[in-house]
Each structure stands twice: as C-alpha cells, then as structure tokens.
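Hello,

Here is the structure I promised to pass on to you. Please open it alongside this email, and my notes follow below.

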Amino acid sequence: MIKRISLLCLFVALASLRLTAQYDMNAPVPMDPLIRTGKLANGLTYYVRRNAEPKERANFYIIQNVGAILENDDQDGLAHFLEHMAFNGTKHFPGRKGLIKILEKHGIEFGSNINAYTAQDETVYNIDDVPTTNIPLLDTCLLILHDWSHFLTLEDKEIDSERPVISEEWRTRRNSQFRMRAQLMPVLLNNSKYARRDVIGNLDLIQNFPYQRLRDFYAQWYRPDLQAIAVVGDFDVDDMEKKVITLFSDIPASKNPTPRPDFEVPDHDDIKFVCATDKELTQSSIAIFIKHPATPNEAKNHGYVRENLIKSFYNNMFAQRVSELLQRGDPPFINARGGFSGLVRGINTYSISTTAKPNEEALALETIYRENERVKRFGFTDGELERVKINTLVSLESSYKQRDKISSGAYVSSIMSHFLNGDPLDDAEYSYNLYKALVPTITLEEVSALAPRYINHHNMVIVINGPPEGVTHLTEAEAIAIIEKVEQSTIEPYQDKVAEGSLINEELAGSPIVSTKKLPQFNAEEWTLANGAKVLFREADFEKDNIAVASYSKGGTSLYDIDKLASANVVDQFVAAYGVGDHDIRALQKLLTGKQAKVNISIGGLAESIGGASTPADFETLMQLLYLYFEKPRFDPEVHATLMQRNYAAIANQENNPTKIMQDSLSLILSNHHPRTLIFGKNFLDAVSIEQIEEIYRDRIKDASDFVFFIVGNVDAETVKPLVEKYIGSISTYHRKETWKDNKVRPPKGKTAKVIPLNLETPKTTVITRFTKEMKITIPRGIYIDILKDILQLRYTENVREKEGGTYGVQVSAGASDKPYSVATVGMMFDCDPDKAEHLKSLIYAEVDKMVKEGPTAEELSKVTTSLLKNHEQVKPHNSYWMRVIRAYYLDGINIDDPKNFENIVRKVKPKDIQSLAKTIFNGADVVDVMFVPRQED
C-alpha cells in the first residue's frame with residue numbers, strides 16, 4: 001500500500017512542479033470571477049453571486065463587522081440585544097415581528113430560514129431559501145436588509161417587550177460550560193476585553209438600560225463602512241446587482257465615524273494556570289493552549305493557503321496518533337485531541353486537551369504531552385505524511401466533481417470569512433488547481449517543523465476544569481512539573497506500522513441475479529439473487545460523486561430478553577471499533593488510505609441495517625466492506641476492554657449532571673418504568689459482555705435472504721450488477737423470515753404529573769408536557785400531525801415567547817408510528833423562571849384546548865403548508881430523497897413521491913382537518929406532565 005501511494009504521490013509531485021510555477025506565494029489569491037463585488041460611496045460592501053443549488057432559491061445576508069467586543073462596560077449585552085430588536089420594528093416593516101410575519105406567508109420560517117447571531121466581533125442576519133420565482137419577494141428581502149442596516153425603529157415598548165425574552169435566553173444559556181468559560185477566559189485571554197465580553201451580557205443591565213443607550217450603540221456602530229450585503233442564489237445576477245447598488249446607496253455615510261478598533265490579547269512569558277470548577281460538571285479535563293498571532297489580513301495570500309494546508313496535515317496526523325492511543329488496552333484518558341485552531345480575532349492557538357479518568361489528571365496530562373513532545377523531537381514519518389496527502393488529493397477530486405452542487409449557504413460562509421477576516425475568496429476551479437499543485441510540494445520537514453516552532457512556554461496557559469468535589473485536581477506546581485518532566489525525559493520515536501494485505505484474500509463464489517423487476521414509478525429496478533437477497537437499485541446523479549447503500553431486516557433488539565439488552569444496545573457502537581476481517585481498526589484505516597468508502601451498522605429497537613456510502617470509484621471497496629461485516633466480523637478483546645474502561649470512566653460523577661438526570665427520569669416516566677428501559681450507568685455497563693455482543697451481532701447481521709438492500713447513486717446498472725452478484729451474492733443464506741416483537745412498552749395511562757427537584761447552579765424550571773394517543777395512522781394523518789406541530793410552534797412563539805416574554809422558546813415535537821403499535825405523540829418543552837412556570841404551563845394547555853375547540857386559522861395553515869411544499873420541492877432532486885422514497889415503498893408500501901401521498905394532501909388540507917386531528921389526539925390522550933425545578937434549601 002505504501003509503495004503504491006509513494007508512486008502516486010511522486011507522479012503527482014512531478015506533475016505539480018509545472019503547476020506551482022504558476023503561483024506566486026506572495027501574491028493574493030484571486031477572487032471568484034462569478035462574484036460581483038464592490039464598495040458603494042457610503043462605504044458599504046456588497047457581494048452578489050448566482051448559484052443554482054438549491055434551484056430557484058436565494059440567500060440574503062447582512063454582515064456587520066460589529067459585535068460584543070465594541071461594547072463599553074455600560075453596554076454589556078447591547079450588541080446581542082440589538083440583534084433581537086432587528087426583528088421588532090423597522091422603517092418599512094413596523095411592529096413586533098412584522099417582517100417575520102410577511103416572510104412566513106411565503107413559507108420562509110423563523111428559526112430555520114430567518115435568523116441572526118451575535119459574536120464578539122460580528123453580527124450576522126440571514127434570510128435563507130427564498131423562492132426566486134417570486135420577484136417581489138426578492139425585493140422585499142432586499143428591503144429588509146436595507147432596514148436592518150440603518151432603519152431599526154427601536155421603540156420603547158418593543159425594547160421593554162424584548163427584555164424578558166433575552167433574560168430567559170440568559171437563563172437557558174447559563175449551563176456548566178458557560179460558567180466554566182467565565183472562570184477560565186480571564187486567564188486564557190490574559191484579562192483582555194475578549195475575556196470580559198460573553199455576548200449575552202449582564203442581566204441587570206439587560207433589564208434596566210435606558211432606551212437611548214441602545215440607540216446610541218446602533219447609531220455609532222451600525223453603519224455602511226462596517227457592513228456587507230451578500231446575496232447568493234438562482235437569479236439574474238445583473239438585475240440583482242443593480243438593485244443592491246440602487247437600494248443601498250441611499251443609506252447615508254456616517255459623519256466622523258468612530259474608528260473600528262482591534263483588540264489585543266497581551267503576551268506573557270510565564271506559564272499561566274487556571275483550575276475552574278462547577279458542581280454540574282461530571283468529568284475532569286486538562287488543556288494546554290499556546291497562543292500566537294494570526295496571519296494579518298494583508299498577508300492572506302497563496303503562502304497563507306499553503307501554511308494552512310501544512311497545519312491541516314499536522315492536525316490530521318496528530319489525531320491519528322491520539323486515536324491509536326485510545327484503541328490500545330488500558331487507555332490513559334477518556335479522549336484527547338490536539339492541533340492548530342483559531343481563538344479570537346487576531347489570535348490563533350496550538351492546543352492539546354484531554355478528558356481524564358477520575359483522579360487520573362496527572363496520567364492524562366503526562367500522556368498527551370508526551371505525544372506532543374514526541375512530535376516536537378522526532379516529527380512525523382514518511383508513511384503518515386503520504387497517507388494524509390493521498391487522502392487529501394482523493395477528497396479534493398471528489399469535491400471538484402461536485403463543484404456544481406456547492407450550496408448557496410457555503411458560498412455565503414466564504415463571503416463572510418472574506419469580509420470579516422480577509423480570507424481568500426477563490427472559486428472551486430482555482431482552488432482545486434491550487435491545492436492539487438500545493439499538496440505534493442509539502443515536505444515532511446515542513447510539517448514536522450511546526451511543533452518546535454509553536455510548542456514553547458511563551459503564551460502557554462494550562463486549563464483544568466471539573467467538579468469541585470469527589471476528585472483531586474492538579475495544582476499549578478504539579479501541572480508545570482509534569483510538563484518539565486516530560487520535556488526532560490527519554491522518549492522513543494513513533495513507530496508507524498504499515499498495513500499489509502488486502503480486504504478479501506479469497507475467491508468469492510457469488511450468486512447471480514435470477515429475476516429483475518422494473519419499477520418505472522421510481523425509474524428503478526428490483527433484483528433478486530439466487531441466495532435470496534433482494535436489491536433495489538436506482539441511478540441518481542444529482543450528487544455526482546456519491547453512492548449510498550442501505551439495508552433493512554426486521555428484528556432488532558426487540559428479540560432479546562432483558563439480560564442481553566444492554567449488550568444489544570451497544571453492539572453497533574462496539575463492533576464499529578473492533579475492525580473487520582483480518583484487520584483491527586488501526587490497520588483497516590491505513591489499508592483504506594485513498595479510499596472513500598465507509599460502512600455503518602445499526603441495530604435498532606425493531607430492525608437492523610448495514611449500509612454506507614462511497615464514491616463511484618470506490619464502490620467495489622464499499623461492497624467488500626459490506627460482505628466482510630456480514631461474513632467476517634471481528635471481535636477484539638483488547639479493543640473491547642478499552643471501550644469498557646473509557647465508558648466506565650465517563651460515567652463517574654454523572655449524578656451531578658442535571659441534563660442526564662432529566663433524560664433518565666423522562667425515559668423511565670414515559671415508559672411507565674418498564675423493565676426494558678435501561679439507564680446508562682454502572683449497572684448497564686456491568687451487563688455488557690463481548691460474548692453477548694458477538695452472539696447478538698452474528699444473529700442480527702446474518703442471512704442475505706432476510707435483508708432488502710437499497711443502492712442509490714451515480715453509477716449505472718451494468719456496473720453495479722456484477723459487484724452485487726459477487727459480494728451480496730456471497731453472503732450466506734438461511735432463509736429466515738423474522739419480524740420484530742412488541743414488548744408492550746407503553747406510556748402510563750391517564751395523566752401523570754411529576755415535580756422533580758434538581759441541584760441547579762442557575763435557578764430555572766424545565767417544563768415538559770407530552771400527549772400520547774393510540775390511534776390509526778394513515779398517510780394524511782401523518783402529514784396532518786406535522787402541520788399541527790408547526791402551527792403550535794407558531795402559536796407558542798407568539799404567545800409564550802413574544803407576548804409573555806416567558807421563555808427563550810418552546811420546543812414542539814410530534815410524531816406518528818404504526819410500529820410496534822399505532823400511536824401519535826405531541827410534546828412541548830421550555831425553560832423559564834421558576835416563579836412563572838405554572839402560569840406558562842397553563843398557556844401550553846390553553847393553546848391545546850383552543851386548537852381542539854377552534855382549529856387553526858386559515859392564515860396559520862397557509863404559512864405552514866407553504867413552507868412544507870417549499871421544503872419538499874427543495875429536497876426532491878437529491879439522491880437521499882430517492883433513497884427515502886424506495887425505502888418507504890418497500891418498508892411501508894407507500895410511494896411518497898406520488899403527489900397524492902404528499903403534495904395533494906398538503907394543498908387540499910383545511911383548518912377543519914387539523915382541528916379534527918387535534919380532537920382525536922388530545923381528547924382522551926395519555927398525558928405526562930413533568931417539571932424539573934430547583935431544589936429548595938432546607
């Protein structure tokens with residue numbers, strides 16, 4: 001394998017010598033020629049690009065080079081507050097959520113299509129997936145961006161209405177990780193302003209700031225010279241550019257604008273240390289950050305691209321070494337990582353981090369730092385570099401083949417990076433040729449030299465975090481002593497073991513296709529093989545470099561008694577780590593160098609499946625892996641022991657994690673404490689054995705005649721048939737006809753109300769309501785349930801979030817299933833102030849009652865159905881859609897591509913249909929009503 005790779009890399013390297021001569025490393029990277037860009041007289045920058053993925057859709061963005069870092073201390077949180085206010089009244093779209101209501105009429109949903117975010121250095125607003133066949137709607141979206149730029153109304157009453165909403169967002173985000181950040185950032189960022197700005201801000205200030213202070217921040221910083229408009233989609237680019245120029249030129253330039261400052265993180269020669277603790281943390285982690293300046297915008301040239309490529313190679317190779325450590329017996333930590341990344345604007349970091357086993361922080365730190373030091377002293381090996389090069393080139397080729405499927409969202413993301421950070425904005429063709437030329441020129445010495453260049457004590461920060469009790473944390477002196485010990489110790493070079501052999505070392509008998517059935521409604525074929533396997537094939541070329549394989553067999557974990565259920569629940573996770581055939585996972589990864597083929601195993605509650613994906617070039621490799629996972633699975637005791645140790649270590653202190661407690665409590669309540677409801681913890685792990693895993697796997701992933709296989713992708717039938725006959729045709733057959741078992745796991749009958757106290761650092765109540773109704777599930781009812789969910793989501797957003805300001809958001813879920821029994825469920829969940837919980841929960845029930853009594857309004861129904869049809873149209877071209885279609889046909893007997901089974905139902909649905917469904921579900925439903933509340937002090 002290494003010899004083959006070496007020859008290939010040598011060939012590409014020789015070819016690249018001519019190519020690299022075309023690229024001056026000190027020259028800027030040319031911009032994508034299809035992007036129209038310019039700067040208006042008022043200073044505003046615009047980017048316009050045509051792109052037809054998705055077809056007949058466009059994305060509209062306004063990118064503000066303004067974030068929380070620009071706030072004064074008495075403005076802490078106002079950048080984020082201003083982001084919220086952009087949806088609460090503008091010059092042309094007055095009123096609370098006025099612009100959202102207009103867009104929702106066209107199927108553009110708040111949250112998924114209309115959104116914004118605020119960070120320390122930027123604020124970005126977006127309107128995505130806008131239908132471009134509606135020209136007035138495109139003009140409306142431009143006008144919204146126009147208003148966001150300079151024409152927010154910022155009315156007193158709307159500011160006051162938004163205060164409680166943001167207060168609840170503050171409460172929701174105050175988890176253990178957020179509190180940890182508050183402790184460690186002043187040390188990591190050396191008391192810079194970045195350490196003092198957490199974006200959401202100071203709660204007291206949010207609730208009480210004077211109106212004018214927000215307006216002053218808006219006037220000072222929301223101005224054209226700090227803004228960019230990005231519009232990408234399937235439209236006439238000439239017309240769109242003209243509209244942008246005309247509309248946004250009327251925004252006045254700021255007079256005597258405040259210079260937009262950059263903020264530094266002060267250097268330090270000493271090693272800094274911080275140990276941050278939180279009662280809700282369950283694990284200890286140790287990290288070392290070594291900060292260094294980021295590349296200035298003006299230097300982000302071809303050389304910058306090459307340097308980033310070198311760093312990506314380093315990250316990839318270091319990750320592989322850490323992965324090998326985790327796969328060996330008795331791993332020294334639960335997980336670890338390392339490499340180069342960004343930190344804040346202007347500052348990058350080289351970091352290593354590890355999650356330690358309980359009270360083994362010293363071992364974890366010493367081990368990961370030793371690997372770090374090993375690279376620093378000896379660098380990487382030729383084999384490691386060659387593997388990452390070949391994988392990069394193969395991935396590059398795959399991306400290039402699918403360049404016409406680059407999404408508009410991906411283009412906007414690149415535009416944002418260009419405007420905010422000065423990153424290159426080249427096109428796919430140029431990028432492909434550039435990387436193809438650069439990859440072979442990167443030497444082992446260049447990659448290895450990064451470690452001694454960046455790994456030193458200057459700007460080093462050691463960060464430890466974990467629970468405050470039950471574990472012993474390293475002190476500053478102990479952590480530094482470990483680093484010094486490793487740096488002075490004897491370390492052996494890394495030994496790169498070369499993978500030998502091939503995936504399959506035997507001749508396969510195979511079995512022929514004995515019957516073919518045309519499926520013209522899907523433009524597909526059904527093949528039956530002599531061994532009883534059934535294969536559904538459909539050629540689909542929307543994703544040009546992709547083939548997907550799936551399968552289905554009834555049974556799953558439902559067939560096993562409780563004494564084997566824990567092992568059954570982890571079979572897929574563990575078997576994937578064991579390797580396959582003659583190769584452990586490390587050898588398998590090396591053997592598959594240059595191959596884009598991956599297999600996934602799933603053993604669910606009612607069925608099992610094995611599938612995966614590949615490029616057309618590597619489809620045979622995918623078929624080989626599929627065969628091996630059926631016929632030659634591997635069960636590695638060493639890897640199994642490693643996984644068990646890591647899992648046992650991961651569950652320590654989990655009783656301190658309120659999220660885990662809530663999940664476990666809900667699982668037990670919703671299943672009425674059924675004995676098959678297993679809680680992941682020590683008792684669960686004690687019941688897991690490699691013997692049971694092997695027994696269950698060999699029983700489930702077995703028997704070609706009991707599986708239906710699905711193949712969808714950019715490959716023709718004549719190419720697929722011989723490979724199907726050879727590999728699927730060689731899977732053993734036992735002519736079993738299995739089905740799943742209904743183990744009668746049901747929710748409790750009637751209404752179950754629970755109030756469960758939790759130890760919480762930030763007081764909040766989590767309210768969860770779930771309605772369950774056994775009922776016949778038809779095709780229309782399945783669709784109506786989705787419509788009902790979305791209408792309830794609209795109502796709760798309007799009434800609980802906006803009018804009451806009671807929560808950051810109510811999450812509505814709904815579903816229907818006819819396996820193992822016919823049932824519909826509707827659930828609601830939200831966080832809130834404990835003092836408001838009962839009142840807000842009453843609003844949840846009030847809207848349910850109103851839906852039963854009155855049904856939805858015609859306007860609500862129109863908003864939801866328009867969005868459903870828009871989204872359905874958008875996904876139909878994709879290969880994954882056709883995989884879903886043929887699977888549904890064979891599993892459920894439904895042709896979901898037939899308009900009568902979706903589009904016609906959605907177009908014809910009436911408010912009374914949704915009201916009728918609501919009556920059927922909610923009247924007489926079994927209800928689980930749970931509130932997780934802060935535990936009261938005695």
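Predicted model: local features only at pLDDT ≥ 70, side-chain atom pairs only at ≥ 80, totals over all residues.

Is aspartate 262 buried or exposed? Its relative accessibility is 65%, so aspartate 262 counts as exposed, the cut-off for that being over 50%. Asp262 also belongs to a patch of negative charge on the surface, where it gathers with Glu264, Asp267 and Asp269.

Next, please turn to glutamate 373, which you will find in helix H12 (residues 361-378). Glutamate 373 has a relative accessible area of 6%. Buried means under 20%, so glutamate 373 is buried. Which residues does glutamate 373 contact, leaving aside its neighbours within four places in sequence? They are Val486, Glu487 and Ile491.

The last stop is serine 614, in strand S17 (residues 607-614). With 4% relative accessibility, serine 614 counts as buried too. Once its neighbours within four places in sequence are left aside, serine 614 is in contact with Asp545, Asn546 and Ile547, with Gln596 and Ala597, and with Phe619 and Leu622.

How far apart are the C-alpha atoms of serine 614 and aspartate 582? They are separated by 22 Å, and the two residues are 32 residues apart along the chain.

Happy exploring, and do write back with any questions.

Best wishes

How values were computed
Residues numbered from 1 in each chain as written. Heavy atoms only, no water. Patch = residues over 30% accessible without salt bridge, like charges linked within 9 Å, V, L, I, M, F, W, Y side chains within 5 Å. Areas by Shrake-Rupley, 256 points an atom, 1.4 Å probe, with all protein chains shown as cover. Salt bridge = Lys/Arg side-chain N within 4 Å of Asp/Glu carboxyl O. Lys, Arg positive; Asp, Glu negative; His and termini not counted. Charge placed at Lys NZ, Arg CZ, Asp CG, Glu CD. Buried < 20%, exposed > 50% of the residue type's maximum accessible area, 1.4 Å probe, protein only. Helix = DSSP H or I, 4+ residues; strand = E, 2+ residues; numbered from the N terminus. Contact = heavy atoms within 4.5 Å.
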